[in-house]
Amino acid sequence: MRRRYSFSKVSTYLRCPRLFRFRYVDRAEREHLSLALPMGSAMHDAVQWDVSERQDGREPNEAEMHAVFRELLEARVEITGCPVVGDVAEAIDTAKRMIEAYCAWGRIQDVTLIEGEHMANISHELSLEGRVDFVRDTAESVELVELKTSARAWSPAQAEYSLQAASYSLLSGISQVRYIILTKTKAPKVQELVTVCDQNRTNQLRDTIAEVDTAIQAGAFPRNASPMTCGGCEFRNRCLNSSQPVTRSESVFAGIIN
């Protein structure tokens with residue numbers, strides 16, 4: 001059976017192998033969920049809705065975009081099945097200012113594809129699968145556009161060393177990736193960072209996926225305990241209160257990567 005990975009699964013393992021185990025092997029119930037996750041997803045989908053509407057000849061205003069965001073956020077919070085950490089009313093207010101900043105910036109233009117699904121073979125046993133947010137075609141270039149929400153602005157190095165950018169390039173065959181970052185700061189801003197992924201970067205990603213897969217198949221799920229990884233982890237109590245070892249027989253079975 002071919003083992004299928006996404007950027008999210010690979011990055012989760014690199015962040016904390018034990019988190020990967022709880023999320024994708026044990027499929028454990030979350031203890032809680034940070035509001036940042038549904039908020040980011042709702043903002044992404046609201047912008048995607050705006051792009052789609054404009055492709056169909058309509059021009060949604062800021063209030064309409066905000067209404068779509070609010071509906072999506074409230075629906076996502078309702079179906080989480082666990083406590084959500086964060087103030088929904090505050091998130092809705094912050095999103096209003098983010099949408100105002102996005103519209104003032106000019107919105108994403110020249111889109112030829114919205115959220116396309118792609119797959120790339122890593123080896124005869126492994127594949128990478130995922131979706132790209134947008135493909136943008138201008139007189140200067142064809143590029144992938146990835147929308148992000150962030151508590152703060154990114155540094156150029158975050159885009160330059162991003163495994164996600166390399167994964168999009170590998171999946172689509174398009175080397176230039178443009179990040180559009182909407183900050184959740186008091187005065188939200190729109191930041192643009194462009195990175196070009198050459199063959200060397202996609203080869204490094206292939207190697208990383210193969211190495212992660214080898215560790216998973218060996219049953220290697222050590223904790224990566226630190227304030228950064230554990231502070232908001234949805235399995236924190238389960239993880240830190242457990243001393244049970246992880247064996248290969250527990251971790252490797254059909255469908256682990258499906």
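## Largest pocket

In this predicted model, the lining of the largest pocket divides into 17 nonpolar, 19 polar and 14 charged residues. The volume of this pocket comes to about 2,500 Å³, and among the 50 residues that line the largest pocket, Phe7, Ser8, Ser11, Leu37 and Lys148 are the closest to its centre.

## Second largest pocket

The second largest pocket has a volume of about 250 Å³, and its lining is made up of 14 residues, with Leu35, Met39, Glu90, Ala91 and Lys184 lying nearest the centre. By residue class, this lining divides into five nonpolar, four polar and five charged residues.

Two helices, H3 (36–55) and H5 (88–105), each supply at least two residues of the lining of the second largest pocket, and the largest share, four residues, comes from H5.

Helix H2 (17–25), helix H9 (227–230) and helix H10 (236–240) are the elements that give two or more residues to the lining of the largest cavity, while the lining as a whole divides into eight nonpolar, two polar and three charged residues.

How values were computed. Residues numbered from 1 in each chain as written. Predicted model: local features only at pLDDT ≥ 70, side-chain atom pairs only at ≥ 80, totals over all residues. Heavy atoms only, no water. 1 Å grid on protein atoms, 1.4 Å probe; cavity = no way out; pocket = protein on both sides within 12 Å on 5 of 7 lines; lining within 4 Å. Points joined across faces, edges and corners; volume = space filled by probe spheres on them. Nonpolar A, V, L, I, M, F, W, Y, C, P; charged D, E, K, R; others polar.
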